[in-house]
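Here is a short briefing to read with the sequence and the model side by side. Keep the viewer open and follow along topic by topic.

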Amino acid sequence: MQESAYFSQYNPIKGVWDEMYGENNIRDHYSKVIDYLSRESAEDLARKEELAKRLFMSQGITFTVYSSGEGIEKIFPFDIIPRIITVDEWAFVEKGIKQRLNALNLFLKDVYNNQFIVKDGIVPIDIIYSCPHFLREMYQLEVPYDIYVHIAGIDLIRDHDGTFYVLEDNLRTPSGVSYMLENREITKRLFPDLLPQCCVRSVTEYPNILYKNLLSLSPRQISNPTIVLLSPGIYNSAYFEHTTLARLMGVELVEGRDLVVKNQKVYMKTTVGLQQVDVIYRRVDDDYLDPLVFNPSSILGVAGIMGAYRTGNVAIVNAIGNGVADDKAVYAYVPEMIKYYLNEEPILKNVPTFQLSNIDERQYVFGNINKMVVKKTNGSGGYGMLMGHASTDEEIDDYKKEILKDPRNFIAQPTISLSAAPCYMQGGLHPRRIDLRPYALCGPEGIEIVPGGLTRVALKEGSLVVNSSQGGGSKDTWVLA
Amino acid sequence: MPEFKIQHLTKYTYPAPVRDSANQIILYPIQDDYQEVIKQEIHISGDPVIDTFIDYYGNKVGSFTYSEPHSTLLINSKILVQTKYRPLPGNDIFPAQQWQDLEKLRYMVPFIDFLRLEYFDGFDDLKALVEAEKSKDDTPYQAVLRFSRYVYDNFQYIKGVTSVETTMDEIWKLKAGVCQDFAHILTLMLRLVGIPARYVSGYICTHHSATMRGEGATHAWAEAYIPDYGWLGIDPTNNCIANEAHIRLAVGRNFSDCSPVKGVYKGASDHRLDVSVAVGYEDDTPSMHQPGEFIEAPEHKPMTTFPKNSYQRYMEMLQQQQQQQQ
């Protein structure tokens with residue numbers, strides 16, 4: 001193949017799986033893209049990058065960083081070079097996620113009903129009952145089709161040999177899918193001929209599948225059920241996503257104050273009176289959903305909505321109480337769940353996880369903290385975690401004190417070296433660390449995963465943190481046909 | 001078999017009409033071998049439909065909404081209930097055996113919930129105290145009695161110094177409170193030595209001339225799990241066994257699992273809450289408290305109160321909206 005200027009300057013990171021570069025050559029599935037890029041002049045690429053930035057800005061594709069204080073609304077940094085996944089890799093990932101989700105759904109059904117898995121001693125009871133997201137209000141509450149996880153954003157990473165690992169199961173309010181959709185739209189404008197040439201599978205079906213699933217959950221058998229997307233409001237980091245999804249599905253975008261509960265039914269206030277709501281795709285945390293039952297100081301919720309949910313007059317997506325399944329202490333037991341419920345060997349691997357409530361494991365972690373990542377069991381967004389290798393002694397000591405206050409709230413994992421993919425920066429290609437979040441949709445007809453996902457990039461050289469809230473960016477994710 | 005007629009009135013008065021209220025009531029006496037509800041009527045102003053369900057702890061819970069503007073909300077519960085004296089635990093099993101039996105319950109449902117400890121500033125003091133207080137050859141039953149006596153002797157019964165939001169830290173510093181605080185501290189002490197303990201809400205029905213703490217309003221006490229016996233009611237506010245004169249409404253981990261009446265509404269954040277509980281007996285001796293004679297109940301204020309100041313309310317909303325998405 002043609003030796004490209006970009007390729008010859010590319011310096012893969014030692015000991016790290018590179019998505020593009022393998023065994024002293026460009027991997028086959030990247031060759032078409034690199035060929036194409038080498039035909040473009042440096043000015044052309046710079047122009048494309050500039051165009052991408054403007055498109056993001058003019059279309060308001062933004063997210064909010066809370067800690068920065070100023071300006072707060074930012075465009076999500078976008079790298080123009082796509083991340084490419086082969087047919088085989090995707091088939092593996094798809095199969096693995098479906099298996100995992102099936103088991104997690106069965107686990108939620110079980111833990112809120114018979115608790116077989118606890119009685120058989122597979123998952124320690126203490127971990128369940130001490131999880132703040134194990135909601136006793138969900139006990140024996142029937143949910144439509146026994147589906148708890150309607151939307152999952154399972155985070156995958158690849159170790160130095162390219163093995164896929166699950167890093168987190170996000171089963172409550174996974175976000176980022178709008179960036180998957182928008183990134184593709186931008187790529188269509190940047191490289192219009194490249195997508196068909198490379199046989200890239202489409203992701204545009206996502207809102208249609210989600211809408212179809214939401215429709216099927218309607219408790220009322222009517223031709224035109226009312227579906228709403230419940231957002232915390234305009235100050236939420238993912239508000240752009242809430243508006244995008246509502247628009248693409250053609251459903252109402254509401255806040256808690258737009259809804260009211262009357263006799264166990266949820267109504268939306270409209271200019272022509274109250275309209276009964278059948279399905280709620282909520283992006284509000286459990287704790288804020290119903291001030292009557294959960295956090296009484298919530299202004300975002302709808303008082304009495306839990307009663308409507310319990311009586312089956314409204315469907316809520318994702319189900320309430322899912323946090324017990326994506327708790328990072330429970331995560332360690334997912335491979336066991338797969339064996340227990342499905343009688344199958346787990347396809348996707350788990351990252352080894354140390355429970356800090358266990359004294360022996362805690363001692364080990366404290367002794368080897370330089371090789372560890374310590375996380376809060378109920379945190380997300382990369383907030384409040386400790387990267388042992390990149391922290392000062394003082395930071396580590398402070399964090400240890402924090403851990404000892406309530407060890408149940410922390411887990412530790414060995415630092416996994418994320419795979420790298422080429423990014424266009426400073427006029428050339430440079431490897432940066434990436435992860436992958438495919439979006440799985442679970443409906444009465446089964447689990448569907450649109451071929452693609454959100455690839456997040458740690459834009460800083462050497463960084464392993466890809467969270468958008470921590471200075472990460474994203475790439476378009478191509479799954480080849 | 002004593003029979004009691006109970007009338008429990010709860011009245012919310014708002015300075016200006018409020019609307020869209022959603023409420024939850026746990027006012028249905030538990031039915032079991034020692035307590036039988038012969039008749040119960042619940043009337044709520046505005047006649048809303050009450051939907052009932054059984055919660056995780058087995059309590060019957062009612063929920064209702066009231067959308068139209070209203071300036072008062074009156075919940076009137078009339079109960080005719082019969083109770084039976086329950087014999088007390090015997091002393092025929094070796095203490096060591098009983099403590100061992102309790103140890104086995106540690107990781108079992110439902111006991112795991114009733115053994116969970118909460119940490120507060122005085123935790124270590126309380127732990128030391130409990131260890132010192134417990135005598136070496138005590139049976140769990142004897143430990144229960146001893147701890148109840150301790151709470152009764154060392155905490156002052158003063159109305160109005162605490163509320164449902166008072167934390168363990170504050171109670172510990174004050175060394176005073178009302179029935180719910182006494183029950184709270186006793187459950188914690190029992191859990192510290194490995195005796196499963198739960199919170200109970202209900203009514204106290206004393207006989208004729210005798211007066212007891214907790215009359216005229218809803219009462220609260222604790223239940224301790226005694227091996228080979230079951231749940232034993234213990235009332236630290238009166239330092240007595242809760243038996244046929246204590247009517248149980250609900251059990252749970254703490255007050256908020258059992259809160260008899262709570263609600264959320266839209267409108268003025270100020271409101272006044274009055275509660276009255278009147279008890280009549282099988283021989284028709286009237287209670288000291290006449291029906292409708294309200295006792296202002298500052299300790300029950302479960303309604304959501306938002307900051308009155310609109311700026312602060314706006315800032316609070318802003319803060320809440322920024323919840324992290326996964």
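In what order do the strands of the open sheet of 5 strands in chain A run? The order is E15-E7-E6-E22-E23, with mixed pairing. Please keep in mind that this is a predicted model, where local features need pLDDT of at least 70, side-chain atom pairs count only at pLDDT 80 or more, and totals for chains, interfaces and linings use all residues. Residues are numbered from 1 along each chain as its sequence is written, while chains are lettered from A and ligands numbered from 1 in the order in which they are written.

**The sheet in chain A**

- Helices (H or I, at least four residues) and strands (E, at least two) are DSSP runs, numbered from the N terminus. Two strands count as paired if DSSP finds at least two bridges between them.
- At the edges of this sheet sit strand E15 (349–350) and strand E23 (446–449) of chain A, each pairing on one side only.
- E15(A) pairs with strand E7 (residues 164–170) of chain A in the parallel sense, over 2 bridges. Within this pairing, Tyr165(A) has Lys349(A) in E15(A) as its bridge partner.
- E23(A) pairs with strand E22 (residues 439–443) of chain A in the antiparallel sense, over 4 bridges. Here Cys442(A) has Ile447(A) as its bridge partner, and the two strands form a hairpin with 2 residues between them.
- As background, strands of a sheet pair through backbone hydrogen bonds, either parallel or antiparallel.

**Domains of chain A**

- Chain A is divided into domain 1 (5–89 + 178–195 + 435–479) and domain 2 (352–414); the bounds come from an automatic or database domain assignment.
- Taken over C-alpha atoms, the centres of domain 1 and domain 2 of chain A are separated by 30 Å.

**Where the chains meet**

- Two residues are in contact if their C-beta atoms, placed from the backbone, lie within 7 Å. The contact between the chains takes 42 residues from chain A and 28 residues from chain B.
- On the chain B side, strand E1 (3–25), strand E3 (51–54), strand E4 (60–66), strand E13 (261–266) and helix H7 (310–321) each supply at least two residues.
- Which element gives the largest share of the side of chain B that touches chain A? H7(B) does, with 5 residues.
- That side of chain B divides into 10 nonpolar, 13 polar and 5 charged residues. In this count, Ala, Val, Leu, Ile, Met, Phe, Trp, Tyr, Cys and Pro are nonpolar, Asp, Glu, Lys and Arg are charged, and the others, Gly among them, are polar.

**Chain B as a whole**

- Chain B has 7 helices and 15 strands.
- Its C-alpha atoms fill a box of roughly 60 × 55 × 35 Å along the principal axes.
- Of the contacts in chain B with a separation of 6 or more, 72% are between residues 24 or more positions apart.

**Residues worth a look**

- A residue is buried if 20 or more other C-beta atoms lie within 10 Å of its own, exposed if 12 or fewer, and partly exposed in between, with C-beta atoms placed from the backbone.
- Ala308(A) is found in helix H12 (residues 305–310) of chain A and counts as buried because it has 29 C-beta neighbours inside 10 Å. Beyond four places in sequence, its contacts include Val261(A), Gln264(A) and Val314(A).
- Asn24(A), which is not a glycine, has a positive phi near 60°. Asn24(A) counts as exposed, with 6 C-beta neighbours inside 10 Å.
- A cis peptide bond joins Val109(B) and Pro110(B), with omega about 5°. Another cis bond runs from Val317(A) to Asn318(A), with omega near -15°.

**Confidence**

- The model scores ipTM 0.89 and pTM 0.93.
- pLDDT is the predictor's confidence in each residue, from 0 to 100. Chain B has a mean pLDDT of 87, and 90% of its residues reach 70 or more.
- Over residues 296–304 of chain B, pLDDT stays under 50. Where pLDDT is low, the predicted coordinates should not be read in detail.
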